[in-house]
Every structure is written in structure tokens, then in C-alpha cells.
Amino acid sequence: MKYILIVLLTLSSYGFDYQLKPVKVANDVYCFFGKLENINKANGGNMVNTCFVATKEGFVVIDSGPTYEYASQVFDQMQKIAKLPVKYVISTHEHDDHWLGNSFYKSKGASIVGPKAYDENVVVGMETRMQRVLGKELYGKTSIVKLDTVVDDNLTLTLGDKHFVIKQFVKHAHTEGDLVIHLEEERVVFAGDVVFNGRVTSIRDGSIIGSLKVLDYIDALKPKVIVGGHGSKTDVNATASLRNYLTDMKKEILEMIENDVSIHEITEKVIMPKYKEMKLYDVLHKSNVEHAYEELEMYDADDE
């Protein structure tokens, strides 16, 4: 409580300092890794990964983060690397922790790219989850802007010497229409929230079957670097912890369904103790089991 009070007093006097330090994950590719916790006022919503790529003609941002102020501070870090404009911002999916910095980049003249679900479900002026949790002071100048380019299937952007292949591998994974960005020559994949590591995912808006499929597609690209939406592991094994969690959950739930265990009993049966030490297990695991059960009740392996 004392720490939160200090943060808020600092905010009111100087503005929230996200203390951002870019991590170079590949040549010309930099990321900021958020905290493995839920949104709160003490972290200013900084629980998400965002990245930028430097090209000869400007920057491309992948996910703009939780607030206008966050994006502004990211931009300051970019300018220390090269005095270049931001040409494109790519939003990987419709969850607001990933795109509420878009309004800052729009004010700088960037073109905003994102999935069809964002275009359909994100309404200018609506109240966001981030707004409710952070409050007026922390939310600050943050606002919602519409997309300039909607990706319904795939798109390739070329800027300077870099080619960004943007694909929707499946219709429903972490959300409806998640985008995966592949820098082919550099063998770098920006996976958004179809990849988590270091903490438990949430499948409240997603599909356990679709999530496992898209992990297969990502691994088939044979990338050297995989940047997920949460967690700092970026090597070729970055998908492993999520794959194991979802695979084990699917197997256990299907066994329970076969044995006529009801949805009212399922969260007490599918505990998966080896994952208890993962961050946010206590917050998200039971909900994940319930959502997976509802999907797997109608599961037919022949449909995959």
C-alpha cells in the first residue's frame, strides 16, 4: 500500500516513469519486457511485451503497450538508437494492453495495422479495461484510434531493408484473429499472446485447440527468436512452456469428459500441480480449465 501511494504521488508530480530499457533480441530488433503480473496502478499497466524494428526508412512497432505515456517513453528510447520516424504500428490482437499506445504513434503520423477483430470490436470512446484499473491520472492522454489497415488473413509490409510477413494462422487462438509477424530474413517471430512463458496464459477469449495449432505453425517457421506477448524467454524453446501446459490440460480434460466428470467438478479435478509455481496460476488456471472444458465437450479429433 505504501509503495502504491509513493507511485501515485510521483505520478501527480512528474508523470509516471515506466523505467523502460530496450533489450536487443536480434539485429535491429529491440523489445521491452513487461512484468509477470496483472494490471495495477503500481506498474502502470506495464505487464506486456512490446517491440520495435529499425529499418533504413523508419521504425516498425509491434504492439504499442498500455498507455499513451508508455508509447511516448518507448519513442524516446527509439530516438536514442536512431533519429527516425515510426512508419507502422502493428497490433497483434484486440486485448487493450497491447494497443493503447496507438494514439501516441498516430499523432506522430504512423500507420496503424491490426486484425479484423480489432476493427470490429474496438470502438472509439469505449471504456477499456486499462482505463478502469489505472484511473484518469495514469490513463492520461490515452485514447482509441481506428486502424488504417485491417488484416483479415495475411499481409506483407516492406520498409527499407525489412520485410514483415503478417499472418493469421488460425481463426481462433488466444483471441479471434491473432496476428503473427515474421521477419523472414532475420528469422524473428513476434507472436503476440499466442505465446506466453514464465506465467499462465488466459484462454477466456480463445481456443485451446487453436492455440496448440498456431504453436505448431510458429515452430514450423524455424525461427531463431520468438517474442511472445508475455514473458522474457525468446529462444527457439519460447513456445515450450505454453505448449506443455495446454497439451497436459487438453489430455486431462478429455480423460475427465470420458469419465463423465461434469463442468461443476472439473476445476477440482484438473489441478495440474506441476504448473502451480507459474505466475498467475492462482488467478487464471481454474478459468482456463472451465473454458477448455466447454470447448472440448464437443471435441472430435477428426475435425482437426
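User: Is Asp-28 buried, partly exposed or exposed?

Analyst: This is a predicted model, where local features need pLDDT of at least 70 and side-chain atom pairs count only at pLDDT 80 or more, while totals for chains, interfaces and linings use all residues. Residues are numbered from 1 along each chain as its sequence is written, and side-chain values use heavy atoms, leaving out hydrogens and water. The scale runs from buried (under 20% relative accessible area) to exposed (over 50%), with partly exposed in between, using a 1.4 Å probe and protein chains only. Asp-28 has 22% relative accessibility, so the label is partly exposed.

User: Which side chain does Lys-162 meet in a polar contact at 2.9 Å?

Analyst: Lys-162 belongs to strand β9 (residues 162–167), and its relative accessible area of 3% means that it counts as buried. A polar contact is a pair of N or O atoms within 3.5 Å; within protein one must be able to donate a hydrogen and the other to accept it, and residues adjacent in sequence count only if both atoms are side-chain atoms. The side chain that Lys-162 meets this way belongs to Asp-28.

User: Which residue named among the contacts of Lys-162 also touches Lys-162 in its own list?

Analyst: Contact means heavy atoms within 4.5 Å. Setting aside neighbours within four places in sequence, Lys-162 is in contact with residues including Asp-28, Val-53, Ala-54 and Thr-55.

User: Which backbone oxygen does the side chain of Thr-55 reach?

Analyst: Thr-55 is in the loop between β3 (50–54) and β4 (59–62), and it counts as buried at 6% relative accessibility. A polar atom of its side chain lies 3.1 Å from the backbone nitrogen of Glu-57. At 2.7 Å, the side chain also reaches the backbone oxygen of Gly-58.

User: Which side chain is joined to that of Ser-202 by a polar contact?

Analyst: Ser-202 is in the loop between β11 (188–196) and α6 (208–220). With a relative accessible area of 7%, Ser-202 is buried. Beyond four places in sequence, its contacts include His-174 and Asn-288. The side-chain polar contact, at 3.1 Å, joins it to Arg-204.

User: Is Met-272 buried or exposed?

Analyst: Met-272 is placed in the loop between α8 (263–269) and α9 (281–296). Its phi is near 55°, a positive value in a residue other than glycine. At 3% relative accessibility, Met-272 is buried.

User: Zooming out, what radius of gyration does the protein have?

Analyst: There are nine helices and twelve strands in the protein. The radius is taken over C-alpha atoms, and the globule rule is 2.2 Å times the number of residues to the power 0.38. For 304 residues a compact globule would come out near 19 Å, and the protein agrees, at 19 Å.

Note on methods:
Helix = DSSP H or I, 4+ residues; strand = E, 2+ residues; numbered from the N terminus.
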